[in-house]
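Please look through the sequence and the model below before reading on. The numbered points that follow are meant to be checked against the structure one at a time.

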Amino acid sequence: TRSPRVLGSSNLEYTKSSGLYKLKNASDVYTIMNGKKHLISSPESFEDYGYSWNKIKTVSKEFLDKYPYARLIKLPGDSKIYYLYQRPQNQWLKIHIPTATAFVSYPSNYWGDVITINTFDFNSYPDVQLIKTQDVPGVYLLEKNTIHLFTSAEAFEKRGMNWSEIVTVSKQHLESYIVGILY
């Protein structure tokens with residue numbers, strides 16, 4: 001069954017898929033957008049894109065691995081671009097890239113690699129909360145557009161933070177945020 005749609009809505013606002021794939025004995029379905037694979041988060045998401053279940057091809061891991069993961073995403077009608085950080089077990093975090101300077105500070109970012117996805121998939125990615133840079137010591141808590149520097153490991157742990165959730169960003173990216181109070 002198809003989920004209800006708002007009259008006049010369209011799936012043309014999403015990046016066009018060039019293929020739907022899954023691995024044998026796996027339920028995950030990937031779409032290829034701009035030459036990158038993107039995991040579809042749920043049956044509701046699949047149907048929201050307007051895809052057809054009978055168009056899914058079962059392929060080998062080697063075939064699917066030819067496609068890199070999509071890393072740059074956005075929502076329809078929104079100019080905000082987000083980067084996806086991969087964690088263990090294919091769990092991902094998203095972080096907003098607030099300026100063009102921050103975007104181009106990453107050598108592997110290309111505007112043509114940005115894909116437009118639906119809110120089901122977008123909301124399946126938790127937000128990055130902890131950031132640091134390669135060159136500057138310190139870990140920051142990111143809350144909206146403000147960063148808060150942790151003054152000690154004790155302060156970090158007291159807030160219940162997890163060291164494995166820290167994401168490394170570029171210096172330009174870090175500098176695009178407002179500096180808040182210390183923790």
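1. One aromatic cluster is formed by Tyr-14, Phe-46, Tyr-49, Tyr-51 and Trp-53. Please keep in mind that this is a predicted model, in which 15 aromatic pairs are found in total.

2. Among these pairs, the one between Tyr-82 and Phe-122 is edge-to-face, with the ring centres 4.9 Å apart and an angle of 75° between the planes. Because Tyr-82 belongs to strand β6 (residues 81-87) and Phe-122 to helix α4 (residues 119-123), this pair ties together parts that are 40 residues apart in sequence. Tyr-82 has a relative accessibility of 13% and therefore counts as buried, the cut-off being under 20%, and Phe-122 is buried as well, with a relative accessible area of 9%.

3. The rings of Tyr-83 and Tyr-85 also pair, and since their planes stand at 70°, with the centres 4.7 Å apart, the pair is edge-to-face; planes over 60 degrees apart are what this label requires. Both Tyr-83 and Tyr-85 are buried.

4. Two lysines deserve a look beside the rings. Lys-94 lies over the face of Phe-122, at 4.5 Å from the ring centre, and Lys-37 lies over the face of Tyr-69, at 4.5 Å from the centre of that ring.

5. Which residues have the most contacts inside the largest nonpolar core? This core has 20 residues, and those with the most contacts inside it are Leu-72, Tyr-85, Ile-95, Val-128, Ile-131, Ile-147 and Val-169. Two or more residues come from each of the elements β6, β7 (91-97), α3 (100-104), β10 (140-143) and β12 (166-169). A second, separate core has 19 residues, including Tyr-51, Ile-117, Phe-122 and Tyr-125. In soluble globular proteins, nonpolar side chains tend to be buried together.

6. In which sense do β5 and β8 pair, parallel or antiparallel? Strand β5 (residues 72-74) pairs with β8 in the parallel sense over two bridges, and Ile-73 stands opposite Ile-115 in β8.

Terms used
Residues numbered from 1 in each chain as written. Predicted model: local features only at pLDDT ≥ 70, side-chain atom pairs only at ≥ 80, totals over all residues. Heavy atoms only, no water. Phe/Tyr/Trp six-rings, centres within 6.5 Å; stacked < 30°, edge-to-face > 60°. Helix = DSSP H or I, 4+ residues; strand = E, 2+ residues; numbered from the N terminus. Buried < 20%, exposed > 50% of the residue type's maximum accessible area, 1.4 Å probe, protein only. Lys NZ or Arg CZ within 6 Å of the ring centre and 35° of its normal. Core = buried A, V, L, I, M, F, W, Y, C linked by side-chain atoms within 4.5 Å. Pairing = 2+ DSSP bridges.
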